[in-house]
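My entries follow in the order I made them.

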Amino acid sequence: MILSSQPIERSKSLQEQTYQALRSSIMSGDLASGDRLVETQLAQKLQVSRTPIREALRQLQQEGLVTAEVNGGLRVTVITVTDAAQLYDCRLALEQVSVAGACENASELQLQTLEKFVVQAEKLTQRETSELNNFQLLDLDYQFHHLIAESSGNKWLVSLLDQVFDKMMLLRIQTMRQNPKVLEIRIEHQEIFAAIAQRNIPMATEKMKNHLISSKLRVVEEVKNLGIDDDR
């Protein structure tokens, strides 16, 4: 388990900062899927009492980022094969609505930002593979899809997708460490952006659907290769 031992700042409530510190460690992969979360150890690392740790873990458990074991212990959530498939099914339903809305409502600034994400991904894929590049690509993938949702103008859609994206981040980190090439976004994102820029709803919807189906097949296969079954 890796967790920064730097004390957290006290400007916000202690519980909120403890929650943010733990959540950031999970979403960055410093606390990896399956890692045990022991209150005393976490309290020592963050130099706080066990009370804010306990409250933060309870909140993370409600968000599905932390899972309780039969014996009462807690671990960072592990995404199984079934979880992975179902997460992508949710994305397929929600993001076809998202991209259609973006075609109708995206501002010129939002289109420019989407194009910037596509260009940045292109540059990163031309570099030598490294863990830093992989995590930058992962972040670009999230920003691209999240901005499409925001561009739709549907705040409820954004809220629903945020819940899915958190679990997707766990899934991506879980699989990318084994196979960095599982994140293939460059060409597919280019095609999605081009369709949105043309305000072509049928094409954008089809491109998004194909992108997510291809990604689902790659990622689910990778989870199978990791030997993560649904009995965990």
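I started at Thr 77, which sits in the loop between strand E2 (74–76) and helix H4 (strands are DSSP E runs of at least two residues, helices H or I runs of at least four, numbered from the N terminus). Thr 77 is buried at 8% relative accessible area (buried is under 20%, exposed over 50%, partly exposed in between, with a 1.4 Å probe and protein chains only). I found its side chain in a polar contact with the side chain of Thr 67, at 2.7 Å (N or O atoms within 3.5 Å, one able to donate a hydrogen and the other to accept it; residues adjacent in sequence count only if both atoms are side-chain atoms).

I noted the provenance: this is a predicted model, where local features need pLDDT of at least 70 and side-chain atom pairs 80 or more, while totals for chains, interfaces and linings use all residues. Numbering runs from 1 along each chain as its sequence is written, and side-chain values use heavy atoms, leaving out hydrogens and water.

Tyr 142 and Phe 165 have ring centres 5.7 Å apart and planes at 85°, so the pair is edge-to-face. The pair links helix H6 (residues 131–151), holding Tyr 142, to helix H7 (residues 155–176), holding Phe 165, 23 residues apart. Tyr 142 is partly exposed at 30%, whereas Phe 165 is buried at 6%.

How values were computed:
Rings of Phe, Tyr and Trp (its six-membered ring) pair if their centres lie within 6.5 Å; planes under 30 degrees apart count as stacked, over 60 as edge-to-face and the rest as tilted.
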